Amino acid sequence: MLLSLHIENIAVIKCVDLDFYGGFTALTGETGAGKSILIDSIGFLLGARTDRELLRSGEERAVVSAMFGDLSDETCRLLAENELAPDEDGNLLLTRTLAADGRTQCKINGRAVGAYTLRAVAPTLISIHGQSDNLQLLKTENHLSLLDAYAKNTAEKAVYDEAYAAMQRAKRALESLRMSDAEKRERIETLTHTVQLLEAAKIRAGEEEKLLAERKIVADAERISRQTAFVYRALRGAEKGNAAYILDRSAAALAQIADTVPRAGELAARLSDMKYEIEDIADTVYDFTGDIGDDPAARLDQIEGRLDKIDRLKKKFSTDEAGLLQKLDEAKAALVSLSDLSDETARAEQVLADATAAAKAAAEKLTDTRKAAAEKLVPLVCGELEFLDMEKVRFLVDITPAESLSTAGADAVVFLISTNQGEAPKPISKIASGGELARIMLALKSVFAESFGVSTVIYDEIDAGVSGKTARKIGIKLKTSARGAQTVCVTHSAQIASLADRHLLIQKGVVGERTETRVAEIDGEDRVREIARILGGVTVSDNMLLSARELIETGKQY
């Protein structure tokens, strides 16, 4: 439920602060006073797209914020999904700002959120209904979702969605298997060529990296050979002057005096260890030259040729060495699969048949919920329409089988209406006038109110095209539907405004050479004069004041 609203620097509104309560609230004012701006401000707060033209001239920032209480379970669920929560009092504060450069910022309970999050939560807090909603009602593609909302068939829809998705997966799998004989032969030839080409290459995992490392060594073979030969001779290759020989002789000399000098034995052992380390280094260095071979130039040609072959294959298949090996495995597996294609296709056909049967069964249960809901919906809507002076109207929900299963199920749903006796029911878009459409929408919204789970509903000029007794009936319906909830209506009808539990007057005036819109609650004689103004137009007579008082007084009985 909407508790309070703050609007700052929106168009002709400098600053407006309003408190809201349960029940029926009417907003009235002369044409151009700013009623539409008030609705636009709330729409902006709820995430509607806008531009900088909404910002009051000369200001740097516009702000709209609203506090909500008595949050629904659906609101709390959506908040939790977005890691948000009500405050300690169970309330929720929405804030949205508009900067002079056109950028907007959204906050929920002081925490910055994206506009998409605001748009996800907002519909569970307020529902705004105006002429655009009437247009939505004309679109037959919206009728099925409205019926589903009334049917509360979320569980059945979830089962169908899963079954339909499984059917679509099975269909795609089968389509990928089905191919003509010519396509199959062409595919086999391509795969066979790929396998032969890659198998002939005999690529081994990590081979390219090893070849690149070896190429560096072979390319520098002369310098490596010269330096390693020197190191080998110095360490153990020379007959008596090498390091290993000197260490060995030194260790033997120290060992001869170990009985007299105890530390000499320890040093002799260390020299022996050094000798073994030196010999190991020498042997390792000697192997360097062994890797190069007797003909480095020939080996380098071999390496370059092998790398070139691998590189050409990489370019051909647009992948790396590991990808070539994977490509070979995939091509082999595909060939095996194609050789057994007939059996696999048969299995896929059976999977699709089973999935289709499951989807049709789920669709039938979904259809049953829609038919059951339609049986309840039709008399309720007709009752509402009769109350709204459309007693001769026939309302029907036409549920027919769709051409094929779709994401919506197996049904096509259209709301049909006949406004005159003896006429065949036709789609609403082909029958309803502006005034009729407003009443039809109100009737549907009244019946659907619980299904949509929104406690605050704002109607923007729902009285368009109606007057007199019919307008009064609409006002009575708005008032009764606001019991235990909250209904706000922007209206030009005295018959409707006089029924409100609370009356807000929107006025436009000049303050300090600037035009400003102000909103204030009125009651008593101020309210009588406003109702009389709506009744009389330019001049308000005593009789109009008397009529206004009578409308207000008789409205209290509802």
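Student: Which residue in β10 is the bridge partner of V397?

Tutor: The bridge partner of V397 in β10 is F415. The model is predicted, and local features are taken at pLDDT of at least 70, side-chain atom pairs at pLDDT 80 or more, while totals for chains, interfaces and linings use all residues. Residues are numbered from 1 along each chain as its sequence is written, and side-chain values use heavy atoms, with hydrogens and water left out.

Student: What makes β9 and β10 a pair of strands?

Tutor: Strands pair if DSSP finds at least two bridges between them. Nine bridges join β9 to strand β10 (residues 409–418), in the antiparallel sense, so this pair meets the definition. The names follow DSSP runs numbered from the N terminus: a strand is E over at least two residues, and a helix is H or I over at least four.

Student: In what order do the strands of this open sheet stand, and why are β9 and β11 placed at the edges?

Tutor: The open sheet has three strands in the order β9-β10-β11, with antiparallel pairing. β9 (394–406) and β11 (426–427) each have a single partner strand, so one side of each is left without a neighbour in the sheet.

Student: How many bridges join β12 to β8 and to β13?

Tutor: Strand β8 (residues 126–129) is joined to β12 by four bridges, and β12 is joined to β13 by five. Both pairings run parallel. S127 has V457 of β12 as its bridge partner. On the β13 side, Y459 stands opposite C489, and T456 is partnered by Q486.

Student: Which other strand is joined to β13 by five bridges?

Tutor: Strand β3 (residues 23–28) runs parallel to β13 and is joined to it by five bridges. Within that pairing, L27 has V490 as its partner.

Student: How do you know that β12 and β13 are mostly covered?

Tutor: A residue is buried under 20% relative accessible area, exposed over 50% and partly exposed in between, with a 1.4 Å probe and protein chains only. In β12 (residues 456–460), four of the five residues are buried; in β13, five of five are.

Student: What is found on each of the two faces of β13?

Tutor: In a regular strand the side chains alternate between the two faces of the sheet. In β13, Q486, V488 and V490 lie on one side and T487 and C489 on the other, and all are buried.

Student: Why is the space in this structure called a cavity?

Tutor: On a 1 Å grid over the protein atoms alone, a cavity is a set of points where a 1.4 Å probe fits but cannot get out, and its lining residues have an atom within 4 Å of a point. A search of the whole structure finds one cavity of 30 Å³ or more. The largest cavity holds about 50 Å³, a volume being the space filled by probe spheres set on points joined across faces, edges and corners.

Student: Which residues line the largest cavity, and what is their class?

Tutor: The lining consists of L2, F20, L27, L38, I39, I42, I458, V488 and V490. Nine are nonpolar, with no polar and no charged residues. Here Ala, Val, Leu, Ile, Met, Phe, Trp, Tyr, Cys and Pro count as nonpolar, Asp, Glu, Lys and Arg as charged, and the others, Gly among them, as polar. Both α1 (35–45) and β13 (486–490) supply at least two lining residues, and the largest share, three residues, comes from α1.

Student: Is S318 buried or exposed, and where does it lie?

Tutor: The 66% relative accessibility of S318 is over the limit, so S318 counts as exposed. S318 lies in the loop between α12 (296–317) and α13 (321–339). S318 is not a glycine, yet its phi is positive, about 50°.

Student: What makes K473 and K477 count as charges over the ring of F387?

Tutor: A charge sits over a ring if NZ of Lys or CZ of Arg is within 6 Å of the ring centre and within 35 degrees of the ring normal. K473 lies over the face of F387 at 5.2 Å from the ring centre, and the charged end of K477 sits over that ring at 5.4 Å from its centre.

Key. 1 Å grid on protein atoms, 1.4 Å probe; cavity = no way out; pocket = protein on both sides within 12 Å on 5 of 7 lines; lining within 4 Å.
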